[in-house]
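Please read the numbered points beside the sequence and the model.

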Amino acid sequence: MIRLFVPAPPAYLRVVRASAWYDLVVTAGFATPWTYALVHDALSTWGDALGMGGLPELDPMQTLYANLMGSVVVVWAVLRLVRPLSSHGLFDGVARTLFAAWQAYALAHGATRLLWLFLGVEVAFGVVQLVPWWWNRHARLLDGPAGGPTLNAASR
């Protein structure tokens, strides 16, 4: 079994839920071709109005990838809202680290600067969800080899 040092649940689970609500609100529009077309137009308009650049022209492959991402993130968000667990915060923090890396990559390669707004939120929620895990693990290691709970049904 993987030994994980679970953060204190009440406050931590509020963060897990808050990140889920953010994901649901921000990505629900990406989940279907029809809503993505509206989100795409809105983001392009806002990006141009703010001088940050619009999105590339809408095409079927871009729509497909947006719909895949939106669908998966919506399902993941609903899971965290319906059954929030500390372990969901850990996995969400890891996913946000990956999302932030790919957003930074896109920004470095000329993507609209509007992406900075999303990158900031990804990093913030990633840090808030991962630091308690790191802190608990670090504190337990300093306390000695007694260890902590393992990731199983009893420790969620």
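1. In this predicted model, the largest pocket holds about 990 Å³ of space. A pocket is an open set of points on a 1 Å grid over the protein atoms alone, where a 1.4 Å probe fits, with protein on both sides within 12 Å along at least five of seven lines. The volume is the space filled by probe spheres set on the points, which are joined across faces, edges and corners.

2. The lining of the largest pocket consists of 31 residues, and Phe30, Met69, Phe99, Gln103 and Leu115 lie nearest its centre. Two or more lining residues come from each of α1 (9-27), α2, α3 (60-82), α4 (86-108) and α5 (115-143). The largest share, nine residues, is that of α3. Lining residues have an atom within 4 Å of a point.

3. By class, this lining has 23 nonpolar, four polar and four charged residues. Here Ala, Val, Leu, Ile, Met, Phe, Trp, Tyr, Cys and Pro count as nonpolar, Asp, Glu, Lys and Arg as charged, and the others, Gly among them, as polar.

4. As to basis, residues are numbered from 1 along each chain as its sequence is written, and side-chain values use heavy atoms, with hydrogens and water left out. Because the model is predicted, local features need pLDDT of at least 70 and side-chain atom pairs count only at pLDDT 80 or more, while totals for chains, interfaces and linings use all residues.

5. The chain has a mean pLDDT of 89 (the predictor's confidence in each residue, from 0 to 100), and 84% of its residues reach 70 or more.

6. Five helices and zero strands make up the elements of the chain. Helices (H or I, at least four residues) and strands (E, at least two) are DSSP runs, numbered from the N terminus. Of the 156 residues, 35% count as buried, that is, under 20% relative accessible area with a 1.4 Å probe, protein chains only.

7. How far apart are the end C-alpha atoms of α4? They are 33 Å apart, which agrees with the 33 Å that its 23 residues should span at 1.5 Å a residue. The expected span is 1.5 Å times one less than the number of residues. Gly110, which follows α4, has a positive phi, near 95°.

8. Asp92 is placed in helix α4. Asp92 counts as buried because its relative accessibility is 2%. Leaving aside neighbours within four places in sequence, Asp92 is in contact (heavy atoms within 4.5 Å) with Ser19, Asp23, Trp76, Arg80 and Gln129. Ser19 and Asp23 are among the buried residues of α1.

9. Gly47 lies in helix α2 (residues 33-49) and, at 0% relative accessibility, counts as buried. Not counting residues up to four places away in sequence, Gly47 touches Met52, Gly53, Gly54 and Leu114. Gly47 and Thr112 are 65 residues apart in sequence, and their C-alpha atoms are 7.3 Å apart in space.

10. Is Thr63 buried or exposed? At 12% relative accessibility, Thr63 counts as buried. Thr63 belongs to helix α3 and touches Pro33, Tyr36 and Leu58, not counting residues up to four places away in sequence.

Notes:
Buried means under 20% relative accessible area, exposed over 50%, partly exposed in between (1.4 Å probe, protein chains only).
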